[in-house]
Amino acid sequence: AIGVGRDELEHLYELLDQDDSGTVNAGEFVKGCLRLRGPARALDLAEMEYQMRERLSDLDFEMRLQARGTLQLLQQLCDR
């Protein structure tokens with residue numbers, strides 16, 4: 001056992017879902033369980049990895065919005 005309480009199960013599922021598909025396939029489950037075995041420190045590292053993926057996804061979204069806005073501005077300037 002990895003010492004995860006019932007209230008933490010949903011978050012554990014998110015940690016195991018490496019591709020953010022909303023499902024955990026057998027490969028993700030095995031890889032995630034292997035990553036999480038050992039002392040609580042492994043769970044902490046997995047949590048950090050999860051948070052980094054979330055932040056990178058948010059950053060990617062923001063960068064795409066900025067690029068789209070910049071492109072629209074350039075098109076408006078060229079149309080003048």
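Val30 has a relative accessible area of 47%, and so counts as partly exposed. In this predicted model, the residue belongs to helix H2, which covers residues 26-36. Together with Phe29 and Leu34, Val30 forms a nonpolar patch on the surface, and the accessible area of the three residues together is about 290 Å².

Leu16 itself is one of the buried residues of helix H1.

Helix H1 takes in residues 9-16, and its buried residues are Leu12, Leu15 and Leu16. On which side of H1 do they lie? They cover an arc of only 95 degrees around the axis, and therefore they sit on the same side of H1. In general, an α-helix has 3.6 residues a turn, so residues three or four places apart point the same way.

In helix H2 the buried residues are Glu28, Gly32 and Leu36. Their arc around the axis is only 50 degrees, which means that they too are placed on the same side of H2. The face of H2 that is turned away from this buried side carries Ala26 and Lys31, which are exposed.

The loop between H1 and H2 contains Asp20, whose phi is near 55 degrees, a positive value in a residue that is not glycine. Is Asp20 buried, partly exposed or exposed? With a relative accessible area of 45%, Asp20 is partly exposed.

How many salt bridges are counted in the model? The count comes to two, taking a salt bridge as a side-chain nitrogen of Lys or Arg within 4 Å of a carboxyl oxygen of Asp or Glu.

One of the salt bridges joins Glu49 to Arg53, with the closest N and O atoms 3.9 Å apart. Both residues belong to helix H3, where they stand four residues apart, or about one turn of the helix. Glu49 is partly exposed, because its relative accessible area is 31%, whereas Arg53, at 18% relative accessibility, counts as buried. The cut-off behind that last assignment is that buried means under 20% relative accessible area.

Asp60 and Arg64 also meet through their side chains in a salt bridge, for which the N to O distance is 2.9 Å. Because Asp60 and Arg64 are four residues apart in helix H3, about one helical turn separates them. Asp60 has a relative accessible area of 36% and is therefore partly exposed, while Arg64, with a relative accessible area of 53%, is exposed.

Conventions. Residues numbered from 1 in each chain as written. Predicted model: local features only at pLDDT ≥ 70, side-chain atom pairs only at ≥ 80, totals over all residues. Heavy atoms only, no water. Buried < 20%, exposed > 50% of the residue type's maximum accessible area, 1.4 Å probe, protein only. Helix = DSSP H or I, 4+ residues; strand = E, 2+ residues; numbered from the N terminus. Arc of directions from axis to C-beta. Patch = residues over 30% accessible without salt bridge, like charges linked within 9 Å, V, L, I, M, F, W, Y side chains within 5 Å. Areas by Shrake-Rupley, 256 points an atom, 1.4 Å probe, with all protein chains shown as cover.
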